[in-house]
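Here is a short tour of a protein model with its sequence and structure alongside. Keep both in view as you read.

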Amino acid sequence: MPPRGARSQRRGERILVPVLLLSFLSLTRAVCAQTRQLELGLEGFGYESQTSVLNRENVLGLDDHPGLGRLALGWRETHGGFRAVFRGYVERTWGTEQDETRWVVRQGYAQYWWGEGVGLRVGKQRVAWGSGLAWNPTNRLEPPKNALNTALEQEGALAARLDWAPRPWASLIVVGATTDAAPRDLPVAASADTRRTAALRARFLVKDTDVAFVASGGRNQRTLFGLDLGRDVRGALAVHAEAGLYRGSEILPPRDDTWFLRVVAGALKTRGDDAFALEYFYNGEGYSDAGVAAWLSGLDRAWGAATNPALPPAQQQQALGVYAAGAAIPYAWGLGLRRHYLHASWTRGGATSVWTGALRAVVGLSDGGCALTPGIGYAPRGNLTFNLDAVFLLGPATSEYRLSPVRGALQARVKLLF
Amino acid sequence: MPRAASRLRRSALVAFALVAPASGRAAEPDAATILRRADRAVLGESAAYTLRMTVLRPNKPERIVEMKGWKKGEDQGLVRYTAPAKERGTAYLRSGENTWLFLPSAEKVVRVGAKQNFGGGDFSNADIFRLSLIKDYDPTLAGQETVEGQDCYRLELKARDRQVAYDRVVYWVRRDGTFYPVRADYYTLSGKNLKSLLVSQPKPLGGRTRPTLMTMESRVDEGAHTRLEFLTIQDDPRLDERLFSPGALERGE
């Protein structure tokens, strides 16, 4: 049975889809759209599973090669200041404990702008704020990025967003959002409580520097204050820094009275068709070596109790729940399990390239683990793209990425646009 | 009669003496005036336009990107890709010394440097958005030459500071009163010729005749060049300054 939060989310989506379809039909009949784009996509993700500390005796019930296939649909329509967007997919999973077919709305929203000053967007949407490339510590409204491939398309949150731009150098965004979604691209499911968040972001351009202040909080949500900075250096390099300060931890165990800081600082350089990015992430609430040891021994204890035939079945089940919650920590809401990370990426290709290439690496400086994601793209026509990414999880056996029940992955995507 | 003729000659000489310096100034405007007039030869103070960019590389098929753009003053510009479909929605914004890129796939606004290249072609962001040179360069009139079959002023442009994309530009502007730019050679601080711009195909567009084709040739990658062709131009539309802000980038088309 899905958790309560998931039920309310799906109820919201059930309402959202007919509303969007109705608006689409009425739009196509009533007005001649200024621009319209349709998108058809196929996605196939294949994984290699393993038993690990997070998947003792294959408790997750994974085949050797679990995976998922998706048929994706996108629609975007604009008319004057009005814009409507739908992005979603039907998915079939295989090789997991509970293979299922389901549909997911990634985004579905309607937006209207009154001139250049005021805009309103309602529906499931990406918020995508923050200057950070791989991590955004000031954005706690959306489901987290896929830890194994941060370049995959993210799912949005059900939200109402108001933009107000009184001056070219100043703007204010107010958002009310709710979501319970976790990364969906993995064969392991991580459930999360429904988070309801109110957030405010004030952005200014001061002496050629982007400055943004963020405040957010709500139910099942830590109160957060954020600062986001960006500028370019001599026109050749763009640098950024994004920081979030909040009270109480997001990663278990709850540390309600402690203030934590997360900071991302990085740079982006492009040269010809090449783009290079480097980013450091400090995760203040991340586990130290002692914290990891405590977490792993907690998993050991829970697993021991769950498999102890001397205990009553109810107690075993409860222990199994504790184990599952602990094992899902790296994939749930946190941005990373440890304290220090480095993200480096190189991408090649632009609007006019047939072939594109990418190499991304997230290195856990605290434990030496590495998620390496090389990828290629091929666009034989202007409306057809093929993408293939591979994910390699490297490093010491006790590192965060090597503990994963997933050993590696191949992720293929085809997109056709009309 | 001879006295009358002599008086007439004197009057003509005086009149010539009075007029000659003035007409001499009109015939040979100073470097700043030439540059200012050349800056306005293609686009007005503010403009809305559509463009086709063609990137040509040796032994590779040509790649075409279409876009629409808006310009206000000398340092505010916004360009949105309209084709090909896979790039639709990608947008560049320039405001002052700042450049941002909107990536529709990530729904994210990313800051990029002004010197960085634009859309995989040979133009830099600064070339696209800083169609006016008068703000960034100190011009000197360095003579007259025939370039691309046109009688031209030769201007030497020196960058006012290191932030500017090129340290030195040699710029040729037509002397026939149109002040159409003809060619520009761009140099680095070390004196290396990075690329050359050819401005051609004057024709009526948006209510007046103007050059409509800009071709940037790389001097580093032999045979590589990029063509920018104006398809439509509307001079001096009413543009809200807030159109040139990162928030407007996020909002999409």
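Two strands pair if DSSP finds at least two bridges between them. Keep that rule in mind, and remember that this model is predicted.

Strand 9 and strand 10 of chain B pass the pairing rule with six bridges, in the antiparallel sense. B:Val169 stands opposite B:Tyr186 of strand 10. Strand 10 of chain B is mostly covered, with five of its seven residues buried.

Chain A contains three helices and 18 strands. Of its 418 residues, 42% are buried. Among contacts in chain A with a separation of 6 or more, 55% are between residues 24 or more positions apart.

Strand 2 (residues 67-79) and strand 3 (residues 82-94) of chain A run antiparallel and are joined by 13 bridges. A:Arg70 stands opposite A:Glu91 of strand 3. Strand 3 of chain A is also joined to strand 4 (residues 101-114) of chain A, by eleven bridges, and this pair runs antiparallel too. Here A:Arg83 stands opposite A:Gln111.

| Hairpin | Between the strands | Glycine and phi |
|---|---|---|
| Strands 2 and 3, chain A | two residues | A:Gly80, near 60° |
| Strands 3 and 4, chain A | six residues | A:Gly95, near 75° |
| Strands 9 and 10, chain B | six residues | B:Gly177, about 95° |
| Strands 10 and 11, chain B | five residues | B:Gly191, about 95° |

**Helix 2 of chain B**

Which residues of helix 2 (residues 31-42) of chain B are buried? They are B:Ala31, B:Ile34, B:Leu35, B:Ala38, B:Asp39, B:Ala41 and B:Val42. Seen down the axis of helix 2 of chain B, these residues fall within an arc of 150°, so they line one face of the helix. An α-helix has 3.6 residues a turn, so residues three or four places apart point the same way.

What covers the buried residues of this helix? The cover includes strands 7, 8, 9, 10 and 12 of chain B.

**The cores**

The largest nonpolar core has 93 residues. B:Ala91, B:Trp100, B:Leu155 and B:Val173 touch the most other members. Take B:Val173. Leaving aside neighbours within four places in sequence, B:Val173 is in contact with residues including B:Ile34 and B:Ala38. Both of these are among the buried residues of helix 2 of chain B. Other contacts of B:Val173 include B:Leu155, B:Phe179 and B:Val182.

There is a second, separate core of twelve residues. Its members include A:Val127, A:Ile173, A:Ala177 and A:Val214.

**Where the chains meet**

How many residues of chain B are in contact with chain A? The count is 43, and they are in contact with 39 residues of chain A. Strand 2, strand 3, strand 6 and helix 4 of chain B each give two or more residues to this side. Strand 6 of chain B has the largest share, four residues. By class, the side of chain B that touches chain A has 14 nonpolar, 14 polar and 15 charged residues.

Definitions and conventions
Residues are numbered from 1 along each chain as its sequence is written. Chains are lettered from A and ligands numbered from 1 in the order in which they are written. This is a predicted model: local features need pLDDT of at least 70, side-chain atom pairs count only at pLDDT 80 or more; totals for chains, interfaces and linings use all residues. Two residues are in contact if their C-beta atoms, placed from the backbone, lie within 7 Å. Ala, Val, Leu, Ile, Met, Phe, Trp, Tyr, Cys and Pro count as nonpolar, Asp, Glu, Lys and Arg as charged, and the others, Gly among them, as polar. A nonpolar core is a set of buried Ala, Val, Leu, Ile, Met, Phe, Trp, Tyr and Cys residues joined through C-beta atoms within 7 Å. A residue is buried if 20 or more other C-beta atoms lie within 10 Å of its own, exposed if 12 or fewer, and partly exposed in between; C-beta atoms are placed from the backbone. The arc is that of the directions from the helix axis to the C-beta atoms.
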